[in-house]
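Have the sequence handy as you go.

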Amino acid sequence: MAINFPIPTNFIDMVFNINRLKSFLTESFFSDHLPTHLRHDSTALSSAATDFGHLVTSTPAAVLFPTSINDLVTLLKLANSRSVPFNVAAKGCGHSVHGQAMAENGVVVEMTSLNNNPSRISISGSADAGFFADVGGEQMWIDVLTATLKHGLAPPSWTDYLYLTVGGTLSNAGISGQTFRYGPQICNVLELDVVTGKGDIVSCSAEKNNELFNSVLGGLGQFGIIVRARIPLFPAPNRVKWVRMLYNNFDEFVKDQEKLILKNSNDDGGLNYLEGLLLMHDGPPDNWRSSFFPPSHHSTIISLVNQHSIIYCLEVAKYYDDRSRHTIDKELDNLLKGLNFLPGYKFEKDVSYVEFLNRVRGGELSLRSQGLWDVPHPWLNLFVPKSRIAEFNSGVFKDIILKRKIANGPILIYPMNRNKWDDKMSAVIPEEEVFYTIGFLNSSGYDNWEAVEEQNKDILRFCDSVDMKIKQYLPHYNTKEDWEKHFGNKWKIIQDRKNQFDPKMILSPGQKIFNS
């Protein structure tokens, strides 16, 4: 049921009384009368005008720093009341790379402003009925982890980087090496509270208001702003066996990856995590995402990379606790038996559960200390059907990436099971039962990011030329035709959902789906 909040008359009178919101807010007459949490000073505007990508800028007219959910409701009701509505974009930690959370001449909502309320993460449930966390959409996953571990519990599905908001990842999908087994984060949600594009706050789940529930999960912010998510929790392990194995043969590499995700996807005693990455060029074998390989082996690994040009690294992890600490090594050996990695190139670490999940943080802090974090990030993330992955290896990894040698950042490659996703949700994936995630996590200087962006376009052009039927994850398109192709047979559903929940096309204009 939608809950309606009245719009304060003074709020309407103070704000948005002319068509061009930006012109209105810059009128000095009104500047002293604006609510303190609606700002249009240069500091607030410049922060909202950029993101992690540092590729585009788009300046809003104002930035809302909400102190309650009612502020969001008021803002969206007000937008709907205008003859020419203004756009609204919810921003979490700003980790998008192509301006997806921006709103040119509109209002950006700094969702993390809601984080001042300590009750926005609460743990409930019982051993019989199951435990869950009710979490504000503005909360970061690292804080969810910290709060749930106090109860010996944790969500099953994560992203590689934990300093992202719950609402942000659930608006996309939320993927990592756990996805093959537990599904993406959008498939690990019991209930949501959503402020729709109409300004209604609605509770929804797979059983109640399920059309809205399925719309916003993976919906790229088009249908509503997630302000609460109920996340299922399970007993948390204490430690992790973390293993990397090296391959010089791509066919053997993907064969072993696929073997492992099929074997372990429903096995309580199986692997909990599986990813892969490429080692190439003359750089060190470690990258900013994690320092893994023993320094004593760096020269040997570099020599191997130079000999073969590309080395494929299979990365797996298995959780354990005090009850299984005496058997974990044998269990892991059995799980990895028969794999065809290069003899002598298996490396293992034993780390705490928190250290494993938060493994990217150290690299981030190191880059920040060197001034290399807030730089352009021309990222490209793709889903590639299993049947075309060998062609992707030859046509992209070898013929584009390896030959040009301009990529600077981790390149991830790992498979997922389609049956762990829910097709009723808005997220789009390939039709095949197994598909691969490919992540080009590039960073660059401000003087050469366009060359990397052009390389990304060449990758997409190659995939299109051979009709590879890829899908972009964290998609970026500029035309309605491209979006229609992206959503495929879901396009009509997406349009219908937009008309139902955001008919004035107010939300998330930076995605350029309905505002291109």
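Which residue is found in the loop between H17 and H18? That's Lys490. Keep in mind that this is a predicted model.

Now for the two helices themselves. The axes of H17 (residues 480-487) and H18 (residues 491-501) come within 8 Å and cross at roughly 115 degrees, so the helices count as roughly perpendicular to each other. On the H17 side, the contact uses Lys480, Trp483, Glu484 and Phe487, while H18 brings in Trp491, Ile494 and Gln495. Sorted by type, the residues of this contact come out as 4 nonpolar, 1 polar and 2 charged.

## A buried lysine

A polar atom of the Lys490 side chain sits 2.5 Å from the backbone oxygen of Met425. Beyond its neighbours within four places in sequence, Lys490 also touches Asp423, Ser426, Ala427 and Val428, as well as Met425.

## Aromatic pairs

There are 28 aromatic pairs in the whole structure. Take Tyr273 and Phe356: they're edge-to-face, 4.9 Å centre to centre, with 85 degrees between the planes. Tyr273 lies in strand E12 and Phe356 in helix H13, so this pair ties together parts that are 83 residues apart in sequence. Both Tyr273 and Phe356 are buried.

Another edge-to-face pair is Phe383 with Phe435, at 5.2 Å centre to centre and 65 degrees between the planes. Phe383 is in strand E15 and Phe435 in strand E17, 52 residues apart. Phe383 is buried at 1% relative accessibility, and Phe435 is buried at 0%.

Conventions: Residues are numbered from 1 along each chain as its sequence is written. This is a predicted model: local features need pLDDT of at least 70, side-chain atom pairs count only at pLDDT 80 or more; totals for chains, interfaces and linings use all residues. Side-chain values use heavy atoms; hydrogens and water are left out. Axes are lines fitted to C-alpha atoms, for helices over the stretch in contact, and angles run from 0 to 180 degrees between N-to-C directions. Helices (H or I, at least four residues) and strands (E, at least two) are DSSP runs, numbered from the N terminus. Angles under 35 degrees count as roughly parallel, over 145 as roughly antiparallel, 65 to 115 as roughly perpendicular and the rest as oblique. Contact means heavy atoms within 4.5 Å. Ala, Val, Leu, Ile, Met, Phe, Trp, Tyr, Cys and Pro count as nonpolar, Asp, Glu, Lys and Arg as charged, and the others, Gly among them, as polar. A polar contact is a pair of N or O atoms within 3.5 Å; within protein, one must be able to donate a hydrogen and the other to accept it, and residues adjacent in sequence count only if both atoms are side-chain atoms. Rings of Phe, Tyr and Trp (its six-membered ring) pair if their centres lie within 6.5 Å; planes under 30 degrees apart count as stacked, over 60 as edge-to-face and the rest as tilted. Buried means under 20% relative accessible area, exposed over 50%, partly exposed in between (1.4 Å probe, protein chains only).
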